[in-house]
Amino acid sequence: MKKIFFYLIGFLMINSLSSCGYNTMVQKDETVETAWANVQNAYQRRADLIPNLVNTVKGAANFERETLESVINARAKATSVQLNADDLTPENLQRFQAAQNELGGALSRLLVSVERYPELKANQNFLELQAQLEGTENRISVERRKFNEAVQDYNTTVRSFPNNLMAGIFGFERKGHFQADPGAERAPTVQF
């Protein structure tokens, strides 16, 4: 009789663990990791396009060396900041985002400088690369939004009762979101 009682207790424990939310948290953690990989993929696409853009600009214009070097250095810095999906803390995301923002700023300065070279603006290769960069920036924005949605879903699951009890036991911690840059709420001033 005791054996049947222990088997029954064991069966009930296994069934209660299956509904503890562990599998759901694992699934949502994997979704966050996939979303992060997509963000990194979009940033890598931008980093891969930059050498082509720089070479096209170099070949088509008597261009300022300082501007090109700032783009190259910013690209090197942005690609050197690697962030693993297991380390998605707000601080690490902020460091990653700062490096990417520096690269975006250098690209913006490059594209503004190009305005002084009408023959470059008409160059088909440059126009195609510019369109590719614009599309890539849109992809980055979309992937960052999807990442934030996956993180929100994951964090909600991990922080909700009773999942928060199991999350603490199994080491599921909150993940960080991408945040807007300081001052992003103000529209930029465009002057001609």
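Select D153 to begin: with a relative accessible area of 38%, D153 is partly exposed. Here buried means under 20% relative accessible area, exposed means over 50%, and partly exposed is what falls in between (1.4 Å probe, protein chains only). A word on what you're looking at: this is a predicted model, where local features need pLDDT of at least 70, side-chain atom pairs count only at pLDDT 80 or more, and totals for chains, interfaces and linings use all residues. Residues are numbered from 1 along each chain as its sequence is written, and side-chain values use heavy atoms, with hydrogens and water left out.

The side chains of D153 and K28 meet in a salt bridge, 2.7 Å from N to O. The pair links distant parts of the chain, 125 residues apart: D153 sits in helix 6 (residues 124-159) and K28 in helix 2 (residues 22-60). The term salt bridge stands for a side-chain nitrogen of Lys or Arg within 4 Å of a carboxyl oxygen of Asp or Glu. Helices (H or I, at least four residues) and strands (E, at least two) are DSSP runs, numbered from the N terminus.

Stay on K28 for a moment. Show what surrounds it: leaving aside neighbours within four places in sequence, K28 is in contact with D153, Y154 and T157, contact meaning heavy atoms within 4.5 Å.

Next, click on D29. D29 lies in helix 2 and is buried, with a relative accessible area of 13%. Which residues does D29 touch, not counting those up to four places away in sequence? They are Y154, F172 and K175. With K175, D29 forms a salt bridge in which the closest N and O atoms are 3.1 Å apart. This pair, too, links distant parts of the chain: D29 is in helix 2 and K175 in the segment after helix 7 (163-170), 146 residues apart. K175 is buried, as is D29.

Go back to helix 6 and pick E149 with R145. Their side chains meet in a salt bridge (3.0 Å, N to O). About one helical turn separates E149 and R145, because they are 4 residues apart in helix 6. E149 is partly exposed at 42% relative accessibility, and R145 is partly exposed at 43%. A search of the whole structure finds 4 salt bridges.

Time for the rings. The structure holds 5 aromatic pairs. Start with Y22 and F172: their ring centres are 5.7 Å apart and their planes are at 70°, so the pair is edge-to-face. Y22 lies in helix 2 and F172 in the segment after helix 7, so the pair ties together parts that are 150 residues apart in sequence. Y22 is partly exposed, at 33% relative accessible area, while F172 is buried at 13%. For pairing, rings of Phe, Tyr and Trp (its six-membered ring) need centres within 6.5 Å; planes under 30 degrees apart count as stacked, over 60 as edge-to-face and the rest as tilted. Then select W36, Y43, F96 and F147, which ring pairs link into a cluster.

Accessible areas come from the Shrake-Rupley method with a 1.4 Å probe; for residues, only the protein chains shown count as cover. F5 belongs to helix 1 (residues 2-18) and is partly exposed at 49% relative accessibility.

Finally, zoom out. The protein has 7 helices and 0 strands. Of its 192 residues, 33% are buried. Among contacts with a separation of 6 or more, 81% come from residues 24 or more positions apart. The protein exposes about 12400 Å², of which carbon and sulfur atoms supply 53%.
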